[in-house]
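I opened the model to look up how its chains pack. These are my notes, in the order I made them.

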Amino acid sequence: MDASAAKLIGAGLATIALAGVGVGIGNIFGSFVSGALRNPEAAPRVFGNVLLGFALTEAVALFALVIAFMILFVF
Amino acid sequence: MHSPMEQFEIKRLLDFKIGGLDASFTNSSLWMIIAVILATGVFVVGMRQRALVPGRLQSVAELGYEFIANMVRDNVGDQGKKYFPFILTLFIFILFANMLGMVPYSFTPTSHIVVTFAMALFVFVGVTIIGLARHGMHFFSLFVPKGVPWALLILLVPIEIISYFIRPFSLSIRLFANMLAGHTMLKVFGGFVVMLGIVGGWAPLAFIVVFTGLELLIAFLQAYVFAILTCLYLNDAIHLHH
């Protein structure tokens with residue numbers, strides 16, 4: 001196989017990590033909404049933690065992006 | 001059409017050489033200086049009046065101060081007061097650098113891993129020194145989780161050590177990759193608007209408007225995450241495990 005073709009396939013494969021991140025982000029906000037419906041008064045207090053969890057999970061997606069960029073542009 | 005990565009190109013504005021080192025004044029340094037001047041301006045001009053009922057700019061300055069003061073108090077406790085100026089500076093600098101990057105034709109210093117890694121490494125080394133100075137050899141109990149069976153420790157201690165040393169990398173890559181990905185995405189969709197022209201260009205244009213709002217949220221969120229993780233690391237070093 002051509003090296004540049006292998007690169008493109010590799011970069012595409014690197015985006016599989018997004019499956020896990022999608023589950024993670026959905027889980028964070030899903031849990032927040034179901035928790036907020038049970039106890040709406042406590043919701044504003046945990047919203048900071050929700051955003052923190054969102055940012056930490058999203059970072060995993062960006063690690064995959066960095067790997068895809070490295071495959072495409074560095075090697 | 002220009003490549004979407006072209007906005008991250010570093011251009012030398014003034015050439016400097018110190019020994020063998022290339023210390024040129026680049027567009028990255030220029031925008032960092034603009035961020036510092038603007039941040040200082042908001043705080044100095046905003047607090048000049050010291051009014052009992054704050055005006056608009058004073059409210060902004062007070063809001064930022066209170067926000068970080070609360071964050072440090074909640075996450076580190078009273079012993080964290082000493083480090084509050086550092087965390088406020090870090091937060092305000094990253095916030096201004098991120099926000100200025102949202103201005104068209106500007107440059108985002110935080111979209112380069114050199115800049116973010118330097119900050120993350122500074123935090124990591126500083127926190128480790130604070131921990132060692134405060135607890136001495138006892139600091140290494142940070143790597144030994146409490147209440148874990150002896151056999152599991154063989155597995156857990158290396159994991160704890162690795163996760164400790166990976167902190168500067170995750171801290172810096174998170175900020176830099178967020179900025180890089182967001183700006184690249186905006187540029188790619190900007191390209192779609194031009195390609196589809198007046199007929200179909202409205203759909204990507206609407207997306208860009210929505211995404212710019214999200215990107216402003218992310219610019220704030222990443223500064224917040226950087227500051228709060230610094231607080232959590234500091235808390236680990238000061239209180240070990242509690």
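**Core.** I started with the largest nonpolar core, which has 40 residues. A nonpolar core here is a set of buried Ala, Val, Leu, Ile, Met, Phe, Trp, Tyr and Cys residues joined through C-beta atoms within 7 Å. A residue is buried if 20 or more other C-beta atoms lie within 10 Å of its own, exposed if 12 or fewer, and partly exposed in between, with C-beta atoms placed from the backbone. The residues with the most contacts inside the core are Phe91(B), Ala223(B), Phe226(B), Ala227(B), Ile228(B) and Cys231(B). I then listed the elements that each supply at least two residues of this core: helix 3 (43–74) of chain A, and helix 1 (27–46), helix 2 (56–76), helix 3 (84–101), helix 4 (113–135), helix 6 (167–200) and helix 7 (202–239) of chain B. Helix 7 of chain B gives the most, 11 residues. Helices (H or I, at least four residues) and strands (E, at least two) are DSSP runs, numbered from the N terminus.

**Model and numbering.** This is a predicted model; local features need pLDDT of at least 70, side-chain atom pairs count only at pLDDT 80 or more, and totals for chains, interfaces and linings use all residues. Residues are numbered from 1 along each chain as its sequence is written, while chains are lettered from A and ligands numbered from 1 in the order in which they are written.

**Phe226(B).** I checked what Phe226(B) touches, leaving aside its neighbours within four places in sequence. Leu90(B), Ile94(B), Leu171(B) and Leu175(B) are in contact with Phe226(B). Contact means that the C-beta atoms of two residues, placed from the backbone, lie within 7 Å.

**Helix 2 of chain B.** I compared length with expectation. The expected span of a helix is 1.5 Å times one less than its number of residues. For the 21 residues of helix 2 of chain B that gives 30 Å, and the end C-alpha atoms are 30 Å apart, so the two agree. Next I asked which residues of helix 2 of chain B are buried. Ile68(B), Met71(B), Val72(B) and Val76(B) are. They cover an arc of only 95 degrees around the axis, so they sit on the same side of helix 2 of chain B. The arc is that of the directions from the helix axis to the C-beta atoms. The buried residues of this helix pack against helix 3 and helix 7 of chain B. On the other side, Arg56(B), Leu63(B), Glu66(B) and Asn70(B) are exposed. Just after the helix, Gly77(B) takes a positive phi of about 90 degrees.

**Tyr105(B).** I noted another positive phi, near 70 degrees, at Tyr105(B), a residue other than glycine. Tyr105(B) is in the loop between helix 3 and helix 4 of chain B. Tyr105(B) counts as exposed because it has 5 other C-beta atoms within 10 Å.

**Chain contact.** The contact takes 10 residues from chain B and eight residues from chain A. On the side of chain B that touches chain A, helix 6 and helix 7 of chain B give two or more residues. Helix 6 of chain B has the largest share, six residues.

**Chain A record.** The UniProt annotation "transmembrane region" (unreviewed entry) covers residues 50–74 of chain A. UniProt annotations may be inferred rather than shown by experiment; feature names are shortened and positions follow the numbering used here. I find residues 50–74 of chain A 100% helix and 0% strand, with end C-alpha atoms 35 Å apart.
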